[in-house]
Amino acid sequence: MVPCQTHVLLKWQEHFNSSWAAEDSLQTARRHGAAALYDKLLHNKEVVTLAQPVQELAGPRLPDFECESSASAEKEEYLSSLLRSQRWLAHRVLTQTSYTVDLHHRLVVLQRIYYALHSKYHDKFRVQLPSHSKDSGTECGQIEPASEPFLPGGASKIKSGTDVLIEMGVRTGLSLLFSLLQQNWRYAASIHPESVLCNDVLNTASSVLTSLPPLSLANENKIPSVGLDCLAQVADFLKKTSVSSGNGGADPIGRRLALELLLGLAMQRGSLKFLLEWVEVALAASMSSSTPTLSSSSSSSSSSLSSQQSAGVGFDVIHQTLLQMRQYSGFRGDPVNTQVLKKDADGHCRLSQAALCLFEEQICNLASYCLCSCSTDAAAPGTESNTVMVYVWGSNSSHQLAEGTLEKILLPKLTQGFSDAQ
């Protein structure tokens, strides 16, 4: 490691982490960019320059006069002392060159940016740092650890009273909201079918979710634990609402809105897991709506028939979802879909067809596109894209790589022994 020009004390301030995480680390590749960022550290007093200790050159202690020839041990001591002095002098001179100073600035700025990124995106994985005294902070590059409460073993931070109150309020508020929505559905189904207020709530939530930037909920490290619990609680409620029909449950419009809102959440979270969960819920809702129910009254049979006819999801919602998946996944080819979305008179499409279209898009098209991209990138220039090349590496102690030698292959090597690989 290149020695520092001066001894400095690094004291990162936590409230500057957001601004440093937004800095471009490529600025450190240029001398004026690294100097400007280092001046910012000095201005914020995150880097404190300490005085360099004064050390005199201690040469060998030669005798005042030579009465006899020196022994070999004394000569070795003289040479070692001279070499020690020369090394210290060279070290002192090299630390004052412009190249060393610029390199020191770059290293300190990069360390500050990486610390800010780690604190912002990986804070929950931080372990407890050992405590240091203030007197031991004179070394170059030492950081004062933040004094934060940790559980025994350094696993996670202890929740404060405010966090517990917020979590309790959010959980109870969501439970109350879900109970009111279910009660309103039961009231509308039995007494006043026109007073369905909960559908307006779901519609408003869908419009708010649509107005957010794409993949707003994709980075779970930026979402607090209370937010993740709320998302899981909302997703469970929407799943039950989408599948349950009859017995005071949601009406067909409410089930359709719940499915659309659940799909919007899955797209904002940007994970294959949540999209596959939506496909599973949609198929279960399609099966439950198509199951005939035995009833003796004509009103119940008519409501069952209307629920079967209205079991679907908005055509525009599914179409927009497919376009977003192709846009943000890097898909540029023409999709080969065996399933074609069909829109009915109400502007909806069947749940089973929508589920199959999404499944085919995210599994078949994207997987085949990724495989084609990998094979094209691995192909050598001037070769056809369908050419299969095999690379081997690793231990070859018993000719298991079929390379003719017993030497270990450290880097991937193109082999000719598998020219007909499928």
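User: Is Cys357 buried or exposed?

Analyst: Happy to start there! Buried means under 20% relative accessible area, exposed means over 50%, and partly exposed lies in between, with a 1.4 Å probe and protein chains only. Cys357 has a relative accessible area of 5%, so Cys357 is buried. A word on the background: this is a predicted model, where local features need pLDDT of at least 70 and side-chain atom pairs count only at pLDDT 80 or more, while totals for chains, interfaces and linings use all residues. Residues are numbered from 1 along each chain as its sequence is written, and side-chain values use heavy atoms, leaving out hydrogens and water.

User: How many disulfides does a search of the whole structure find?

Analyst: A disulfide is a covalent bond between the sulfur atoms of two cysteines. The cut-off here is a pair of cysteine sulfur atoms within 2.5 Å. The search of the whole structure finds zero. For Cys357, the closest cysteine sulfur is in Cys349, 7.4 Å away, which is too far for a bond. Cys198 is another buried cysteine, with a relative accessible area of 1%.

User: What does the secondary structure of the protein chain come to?

Analyst: Helices (H or I, at least four residues) and strands (E, at least two) are DSSP runs, numbered from the N terminus. In this protein chain there are 12 helices and six strands. Of its 422 residues, 28% count as buried.

User: Which residues of helix 2 are buried?

Analyst: They are Gly33, Ala34, Leu37, Tyr38 and Leu41. These residues cover an arc of only 130° around the axis, which puts them on the same side of helix 2; the arc is that of the directions from the helix axis to the C-beta atoms. On the face turned away from that buried side sit the exposed residues Arg31, His32 and His43.

User: What do the buried residues of helix 2 pack against?

Analyst: Their partners are strand 1 (8-10), helix 1 (17-21), strand 2 (47-49) and helix 4 (98-121). Contact means heavy atoms within 4.5 Å.

User: Which residue with a positive phi follows helix 2?

Analyst: That is Lys45, with phi near 60°, a positive value in a residue other than glycine. Lys45 lies in the loop between helix 2 and strand 2 and is exposed, with a relative accessible area of 61%. Leu215 is not a glycine either, and has a positive phi of about 60°. Look for Leu215 in the loop between helix 6 (198-211) and helix 7; at a relative accessible area of 41%, Leu215 is partly exposed.

User: How many aromatic pairs does a search of the whole structure find?

Analyst: A pair of aromatic rings is described by the distance of the centres and the angle of the planes. Rings of Phe, Tyr and Trp (its six-membered ring) pair if their centres lie within 6.5 Å; planes under 30 degrees apart count as stacked, over 60 as edge-to-face and the rest as tilted. The search finds two pairs. Trp12 and Tyr115 form a tilted one, 6.5 Å centre to centre with 40° between the planes. Trp12 is in the loop between strand 1 and helix 1 and Tyr115 is in helix 4, so this pair ties together parts 103 residues apart in sequence. Trp12 is buried at 7% relative accessible area, and Tyr115 counts as buried at 19%. Phe178 and Phe237 form a stacked pair, 4.2 Å centre to centre with 5° between the planes.
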